[in-house]
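Student: Hey, I'm new to this one. Can you walk me through it?
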Amino acid sequence: MSSVTSNIESTLHEDRVFAPPETFSRGAHIRSAEEYERLRAEASESPDNFWARMAEELHWFKKWDTVLKWDAPHAEWFGGGKINVSDNCLDRHLETWRRNKAALIWEGEPGEQRTFTYLQLHTEVCRFANVLKRFGVQTGDRVALYMPLIPELAMAMLACARIGATHSIIFGGFSADSLRDRINDAGCKLVVTADGGWRRGAEVKLKPTVDEAVKETPSVRTCIVVRRTGTRVHIEAGRDHWWHEVIETVDAHCPAEELDSEHPLYILYTSGTTGKPKGILHTTAGYLLQAHLTTKWVFDLKDEDTYWCTADIGWVTGHSYVVYGPLSNGATVVMYEGAPNYPEPDRFWRIIERHRVSVFYTAPTAIRAFIKWGEQWPLKHDLTSLRLLGTVGEPINPEAWMWYREIIGKGRCPIVDTWWQTETGAMMIAPLPGATPTKPGSATKPLPGIEADVMTRSGAPVGPNEGGYLVIKRPWPSMLRTIWGDDERYRATYWSEIDGVYFAGDGARRDADGYFWIMGRVDDVINVSGHRLGTMEVESALVSHAAVAEAAVVARPDEIKGSAIIAFVTLEGDRKATDGLKEELRRHVAKEIGALARPEEIRFSDQLPKTRSGKIMRRLLREIATSGGVQGDVTTLEDFSVLEKLRVHEEE
Ligand code: PRX
């Protein structure tokens with residue numbers, strides 16, 4: 001799905017349009033296309049006034065002096081303001097009737113349930129914030145969170161935000177090496193983890209991975225461990241402490257720090273086009289503002305809603321749309337720890353029925369898996385509580401969109417296909433469900449305040465339905481501020497590819513109605529099941545194995561995952577190409593990066609096809625991986641015989 005051409009083909013013929021249901025529009029926060037256009041016009045004519053008006057929705061200790069200082073490519077939003085994210089997500093609700101409203105309804109994979117009201121969540125967060133302080137964490141320090149999807153993860157985030165510690169969440173599927181590198185890059189002082197978590201009926205151990213990682217992380221002094229699975233773990237005296245024990249040693253009084261608008265809220269690592277992941281830095285006020293507004297607008301969130309975003313908090317979707325956006329809106333959030341097909345493929349539908357979920361947000365890769373498992377699973381359940389469906393993470397093919405609409409939404413629920421990135425912090429292009437007619441496969445139009453466009457590589461505008469590069473022409477409040485420790489890379493990656501605009505790394509086209517159709521990545525980033533992986537990252541992992549001389553990694557379209565990773569590998573002279581070695585290399589990548597990076601397929605080759613300047617011709621490899629053949633210009637190939645060998649291999 002991530003190949004530009006396959007998406008152009010799959011979407012060009014799509015001409016179905018679905019108007020927002022009248023009953024939905026009547027009750028929506030934004031009720032008509034005219035209202036949307038008014039907001040968009042206001043934002044584009046006077047952006048500072050627009051964002052200032054919007055920022056009134058947050059609770060400030062002190063209002064800002066300036067809305068935006070833009071010293072390209074560096075933005076300072078709401079300078080002079082004092083604010084706290086944890087205060088906005090918790091304390092402000094305590095003064096209202098929401099005090100005893102459910103904030104989190106959590107289900108563990110084995111089936112246990114825990115519910116926290118806003119008051120209860122506030123208490124737990126304050127206590128954990130005091131634990132952090134007790135272990136010497138101060139405003140500005142970094143804290144690593146490597147945890148399963150349990151309430152303590154949300155508590156730890158909010159506790160960090162409360163005292164001004166910057167959190168760095170590392171998805172629980174990453175390996176010890178990945179964890180170590182991320183901890184070291186950010187210089188984290190403390191790690192919060194758990195003994196393990198549950199996934200598809202099996203325990204995913206986390207603490208042993210932390211033990212291995214922290215052997216080489218000099219900055220880490222303390223590790224706090226949640227008891228989740230009850231498995232035996234090593235507790236290093238002086239360094240490791242059980243959450244349930246240390247939480248008893250503190251009280252629940254912890255006022256939220258009055259932080260600068262630009263105080264660093266979190267770092268989240270994401271793959272880029274080199275072997276080293278980028279630490280995307282988000283700050284406080286601007287990030288919160290857009291997470292808050294987009295949650296309210298795009299999910300049309302109301303107090304009566306029961307909202308469920310299925311993302312793991314280890315990814316940006318979980319940051320913005322499991323925790324910060326919904327809680328700042330005072331929503332009731334469902335959290336589920338485990339797999340969608342445990343114990344059976346109807347687990348999600350069971351959860352929707354049990355908790356009467358009304359707004360549901362998931363990924364196209366999950367929808368394609370549901371289609372494969374069969375509609376008998378959702379049909380067994382009462383899904384009438386649903387009123388809105390969302391997707392994120394990759395382009396959704398119109399077939400999956402229609403299935404989602406008909407089988408899950410019964411034709412009643414608007415679908416919001418939301419385009420955004422770790423870097424953008426919040427949704428950028430997405431329908432407003434009461435206002436925007438939707439087209440299957442299109443993320444529709446930019447949200448008010450977002451100036452998105454499609455350009456050629458040289459920065460010229462493109463006409464309707466012409467493919468080009470997706471760019472953002474104006475700074476926005478929740479934009480990344482830099483790459484942690486590497487501002488040069490920040491400039492080079494996002495602000496130098498096309499002069500004067502933010503380069504998203506996605507291909508797109510805009511149709512005659514101004515609707516955006518995202519066509520997937522245009523760089524060496526692969527989107528596997530909605531998660532980003534750099535080809536270079538996987539290549540570096542392969543090359544770190546003693547048997548491998550050289551490796552090239554490409555994406556092959558995959559029915560469920562969107563893209564699958566295919567690796568072409570040249571071995572060191574003395575090594576034999578065997579099936580056993582293939583397996584070993586796949587395991588090696590999983591160990592180096594994490595299971596999500598394990599190649600679907602490994603192909604051995606004597607050499608890799610290269611241009612005269614020595615660049616690997618990935619386009620050719622992609623074609624070979626996809627179709628077996630090669631078309632197009634090959635005159636720049638260094639050695640034609642290489643191609644023949646790869647092809648022969650394909651025919652075997
Ligand atoms: O290629 C786009 C794709 O996911 C990339 C961002 O990945 P990540 O930073 O991991 O964040 C994922 C969750 C926001 C984008 O560059 N992408 C995300 N949403 C969509 C999408 N592609 C098409 N349509 C979407 N709705």
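Tutor: Helices (H or I, at least four residues) and strands (E, at least two) are DSSP runs, numbered from the N terminus. This is a predicted model, where local features need pLDDT of at least 70, side-chain atom pairs count only at pLDDT 80 or more, and totals for chains, interfaces and linings use all residues. Residues are numbered from 1 along each chain as its sequence is written, and side-chain values use heavy atoms, with hydrogens and water left out.

Student: What's the order in the open sheet of seven strands?

Tutor: There the order is β6-β5-β18-β17-β19-β20-β21, again with mixed pairing. Its edge strands are β6 (113-117) and β21 (415-418), and each of them pairs on one side only. From one strand to the next, the twist averages 15 degrees (axes are lines fitted to C-alpha atoms, for helices over the stretch in contact, and angles run from 0 to 180 degrees between N-to-C directions).

Student: How many bridges join β5 to β6?

Tutor: Five, and the two strands run antiparallel, with β5 covering residues 102-107. One of the pairs is Leu104 with its bridge partner Phe116 in β6.

Student: Switching topic: which residues come nearest to the ligand?

Tutor: Asp417, Thr418, Thr422, Asp506 and Arg521, out of 17 residues around the ligand. A residue is near a molecule or strand if one of its heavy atoms lies within 4 Å of it. By type, the shell divides into six nonpolar, six polar and five charged residues.

Student: How far is a nitrogen atom of the ligand from a polar backbone atom of Gly393?

Tutor: It's 3.1 Å. A polar backbone atom of Glu394 is 3.4 Å from a ligand nitrogen, and a backbone N or O atom of Pro395 also lies 3.4 Å from a nitrogen atom of the ligand. The protein covers 96% of the 540 Å² of accessible area that the ligand has on its own (areas come from the Shrake-Rupley method with a 1.4 Å probe; for residues, only the protein chains shown count as cover).

Student: Which elements give two or more residues to that shell?

Tutor: Those are α12 (316-328), β21 and β26 (516-521).

Student: Where is Asp300?

Tutor: In the loop between α11 (285-298) and β17 (306-309). Asp300 has a positive phi too, near 50 degrees. Most residues other than glycine have a negative phi, and most peptide bonds are trans.

Student: Is the bond from Tyr342 to Pro343 cis or trans?

Tutor: Cis, with omega near -5 degrees. Pro343 is in the loop between β18 (332-336) and α13 (347-355). Ala72 and Pro73 are joined by a cis bond as well, omega about -5 degrees, and Pro73 lies in the loop between β2 (66-71) and β3 (74-79).

Student: Last one: how many helices and strands does the protein chain have?

Tutor: 21 helices and 31 strands.

Key
Two strands pair if DSSP finds at least two bridges between them. A polar contact is a pair of N or O atoms within 3.5 Å; within protein, one must be able to donate a hydrogen and the other to accept it, and residues adjacent in sequence count only if both atoms are side-chain atoms. Ala, Val, Leu, Ile, Met, Phe, Trp, Tyr, Cys and Pro count as nonpolar, Asp, Glu, Lys and Arg as charged, and the others, Gly among them, as polar.
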